[in-house]
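Grab a pencil and work through these exercises with the model open beside you. Try each task before you read its solution.

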Amino acid sequence: MAARALKAKDVARPVFKFGTRRDGDIFSLSSHKRAREALEFGLCMKDPGFNIFVLGPDRSGRMTATLDYMRDHLACMPRPHDWIYLNNFRRSHRPKPYRLPAGVGRAFRDRMAALIPQLREALASAFGGEKYQTEIRTHGEEAQSGVRAELEALQAEAQQSGLDLAQTPQGFMVVARGADGNPVALDSLPPAQRQLLESKASEIAQRLQDINRRAALAQGDLAKRLVDLNRQVADTAVGALLDELQKEYAGYRGLARWLVELREDIVDNLVAFLPRPPEGPTPAVEPPERRYAVNLLVDHGDNETPGVVLEANPTYENLFGRIEYRSVQGGMDTDFSMIRAGALHRANGGILVLRADDLAKHPSSWAFLKGALRDGQIQVSERHRANALPVAGAPRPKAIPLDLKVVVVGSPHWYYTFYSVDPEFQTYFKVKADIDGDMDAVARNLSVYAGLIRARSQALHGIPCDDSAVARMLGMAARWAGHRKKLTAQFEVIEDVLTEAAEIARNSSAKSIDDAMIGEALRQRRRRNARIEDRMHESIADGTLMIDTRGAAVGQINGLTVRDLGDHQYGSPSRITARATPGREGVVNIERYVAMSGPIQQKGVMVLQGFIAGHFARRFPLSFNSSITFEQNYGGVEGDSASMAELLAVLSDLSGIPLRQDLAITGSVNQVGETQAVGGVPFKIEGFYRACIDAGKLTGNQGVVVPASNLPNIILRDPVVRAVESGEFHIWSVKNIEEAIELFTGVKAGRQRRDGSYQPDTVYAKVMEQLEAFDVILKERAAGV
């Protein structure tokens, strides 16, 4: 069969019939169906380990659409709980977490903050009142009255014996009295009187010591009674306030017990509430505002549903929380009120979303995240202080139970990287939500797609799209999908074009976006991104890059390459040449010898060798060397899409039949000569079309040859389509190398006869003749002729 010439309708943007479904979202598209089903399954699974990894192409809505879907899923879920940390009065370095209904945490924090001044006022009033002061005096007088009576009796007895009790800074002591009644030294008395008084003084001193011991015991008893009195007064003073608080929060398990402990601790730490003495050292006590503070770690008071928390920078501190410090007199101080929540705390009860590439930047976070999922709890640790001296009093908070779903979003590369590198990955992420890169252009998808185009344009920019704009975008979606019967799933690219077209519409005061505005947005985008392509075509136009678009040449052909710069793809022609000589090496790939060839390109060259051997080495061994190369190529070659061009160049040089230079070709070939599909065909066609334009006016004979299996992939830009329609430019499809040979040479390829020879005056016959001649040369040389 001969090569098939394609018509303009075969290569133009496809025109789809479409309705408009306005209630659909991206997950209504068939490309996202598998992922939607996986999300539904994973979000409903309560067993640990059924966390989700969402993977798909860039710009396919794998993050934005997934976030919207998960928010909708959580819309009917109950509100998440608040979490607070409170002081652990028995072990202050181990503060306790408490779970409360949404909004209760904030109310309890404010309630406690208002309670402290009320307690301070109530205690100050109780301890400053006349009743308390009277009781203090009464207890003091009771304790001192007995001791005072004993001292008075002992002093009277001492005076009767010529002695007396004198008050000194060290307490009472026994002294002698003179005739005038004043104390005198014993040494000044006559010996007989002194001896008598010393004996009596010793007896009185002993009795005085007994009285002092009883006084000390009485003082201790007084102190104990005063402590009991203070506790009784304090309990009475704060009882009404705390009773009301306990009644208000009696229904919250754990918190009611803490309020009982709070009451005991307040009574034990009254000094913290009482006024400081105006003079003397200030007691080192913790202010009640800090000791009884409520650390509202997570506040869901304003949330009606569980949250979807996206953590953009998943460091350990951002995920698990941290402990802050305050500067105090040149040092660092902290307590339980300085514990701060991480993303796991905020997402607890809902969904935590992480980007795979961000998570991969923090391997330690990944390890601790797996530990949290394994243990089912969130533990706040100070990892940055792991090798530092411990800070006295720094809290080590007790862990909070973890109940959430973790969703990691990334490209397929990251999914398979995690899967292959970490054996535990499949233990904790058992659900794979895989978004396809494209979808079939069927009625359901077309209606949803059209609805999304209209809805996004209206929602984002307030400007509607008319039918011509929607049709143009659907056609471009097929081009970006690389197939005439498919649409790309990368809908965010569609949104970008809509945004640019909307700006054009606003600048022209248009009320809607039409086909022309979409076209202008695409033209401007191409202009912005095509600098490198333009420079390369300048080199073709001025002859720096040697590309012939007219005439014919032996062993020379225009191959086609495609370059992807990320933001722009373009094709360009590349001259491929072949030179054959007698030898035994067969096809020699020059790029391989200089390490500029990739393995797939080298495989393609070896396939050529197999094709040539299969067609021409049945009667004698191959006796040729044929070097092939991409001329003026300095950046390396990879892929087998030029293998058909390389084979044509080799056959041309062996046969001596020239190849048309006004044609270019792309396509792979197998060992039996069948053409195989390759990538980037539309860009390659457009690249050669532009090269022909660069060389001058189109001749009407120029064109591109592609594999027949690539027909569904060809969707060309409007200028090329118009040239095809007018007959100025042509595109042919071929199913095998023979069809390409006849198109490039105008000579029949030739059919093999039973004896292994080919029909005369065909390309294959001339190749066979040349190979036989090479074989004779080698045999004669070997024989020394």
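**Exercise 1.** Work out how α21 and α22 are oriented to each other.

Step 1: Find the two helices, α21 at residues 599-616 and α22 at residues 643-655. Helices here are DSSP runs of H or I with at least four residues, strands are E runs of at least two, and both are numbered from the N terminus.

Step 2: Look at the axes, which come within 10 Å and cross at roughly 45°. Axes are lines fitted to C-alpha atoms, for helices over the stretch in contact, and angles run from 0 to 180 degrees between N-to-C directions.

Step 3: Apply the classes: under 35 degrees is roughly parallel, over 145 roughly antiparallel, 65 to 115 roughly perpendicular, and the rest oblique. So α21 and α22 are oblique to each other.

Step 4: Check who touches whom, with contact meaning heavy atoms within 4.5 Å. The α21 side includes G604, L608 and F611, and the α22 side includes E646, L647 and L651.

A quick note on the source: this is a predicted model, where local features need pLDDT of at least 70 and side-chain atom pairs count only at pLDDT 80 or more, while totals for chains, interfaces and linings use all residues. Residues are numbered from 1 along each chain as its sequence is written, and side-chain values use heavy atoms, leaving out hydrogens and water.

**Exercise 2.** Is V734 buried or exposed?

Step 1: Locate V734 in strand β31, residues 730-734.

Step 2: Its relative accessibility is 0%, so V734 counts as buried. The cut-offs, with a 1.4 Å probe and protein chains only, are under 20% relative accessible area for buried, over 50% for exposed, and partly exposed in between.

Step 3: See what surrounds V734: leaving aside neighbours within four places in sequence, its contacts include A3, M644, T675 and A740. V706 sits 28 residues away in sequence, yet its C-alpha is 6.3 Å from that of V734.

**Exercise 3.** Compare that with two residues that have positive phi without being glycine, R59 and A595.

Step 1: R59 has phi near 65° and lies in the loop between β2 and α3. At 33% relative accessibility, R59 counts as partly exposed.

Step 2: A595 has phi of about 60° and belongs to the loop between α20 and α21. At 70%, A595 counts as exposed.

**Exercise 4.** Which residues have the most contacts inside the largest nonpolar core?

Step 1: Know the term: such a core is a set of buried Ala, Val, Leu, Ile, Met, Phe, Trp, Tyr and Cys residues joined through side-chain atoms within 4.5 Å.

Step 2: In this 58-residue core they are V353, Y449, I453, L487, I513 and I518. Helix α17 (residues 491-507) gives the most, with 8 residues.

Step 3: Another core lies apart from it, with 47 residues, among them L651, L663, A740 and M768.
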